[in-house]
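This report goes through one protein chain, from a single residue to the chain as a whole. Please keep the sequence and the model open while reading.

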Amino acid sequence: MIRLRLYTTLGCHLCSQLEALLSELSREPVTLEHVEISEDDALMARYGVRIPVLADEQGEELDRGFDPARLAAWLEARGWLDAAAWEALQRRLDGEPPAAEVKGAVMRGGRRYLG
């Protein structure tokens, strides 16, 4: 189980985007502690223009984790990246259609037939 802290505020659409990417790219389940920064002046001063910010248990932070490549690199550095999910996401971002697996299909003469 991966435990992370997410510095956020109400209505942060980038935070929602980060959470979706995190659940897709992490190879283990993730538990997020949401820290609402708007209720604390010190947190607002520190994170106000940087959210969403992820922090691991050692306190190492990731700004702009809603960027898939930044998040993937951060997860990979900790051994938490699902490499297959990252490759699939990269293909989608590049506009490639998802690989369709058809069970029992046979290729003959360049055509696919269901077996």
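In which strand does T8 lie? T8 is part of strand β1, which covers residues 2–8; strands (E, at least two residues) and helices (H or I, at least four) are DSSP runs numbered from the N terminus. The model is predicted, so local features need pLDDT of at least 70 and side-chain atom pairs count only at pLDDT 80 or more, while totals for chains, interfaces and linings use all residues. Residues are numbered from 1 along each chain as its sequence is written, and side-chain values use heavy atoms, with hydrogens and water left out.

**Surroundings of T8**

T8 has a relative accessible area of 9% and therefore counts as buried (under 20% relative accessible area; exposed is over 50%, partly exposed in between, with a 1.4 Å probe and protein chains only). Leaving out residues up to four places away in sequence, T8 touches C15, H34, V35, E36, I37 and I51, where contact means heavy atoms within 4.5 Å.

**Disulfide**

C15 also takes part in the one disulfide of the structure. A disulfide is a covalent bond between the sulfur atoms of two cysteines, identified here as a pair of cysteine sulfur atoms within 2.5 Å. The sulfur atoms of C12 and C15 are 2.3 Å apart. The disulfide is right-handed because the torsion about its S-S bond is about 80 degrees. C12 is buried at 13% relative accessibility, and C15 is buried at 2%.

**Aromatic pairs**

There are two aromatic pairs in the structure. Rings of Phe, Tyr and Trp (its six-membered ring) pair if their centres lie within 6.5 Å; planes under 30 degrees apart count as stacked, over 60 as edge-to-face and the rest as tilted.

| Pair | Centre to centre | Angle between planes | Class |
|---|---|---|---|
| Y7 and Y47 | 4.0 Å | 15 degrees | stacked |
| W74 and W80 | 6.2 Å | 70 degrees | edge-to-face |

Y7 in strand β1 and Y47 in helix α2 (residues 41–47) are 40 residues apart, so this pair links distant parts of the chain. Y7 and Y47 are both buried, and W74 and W80 are both buried as well.

**The chain as a whole**

The chain contains four helices and six strands, in the order β-α-β-α-β-β-α-α-β-β. Of its 115 residues, 30% are buried. Among contacts with a separation of 6 or more, 58% join residues 24 or more positions apart. The accessible surface is about 7,500 Å², and carbon and sulfur atoms hold 50% of it; these areas come from the Shrake-Rupley method with a 1.4 Å probe, and for residues only the protein chains shown count as cover.
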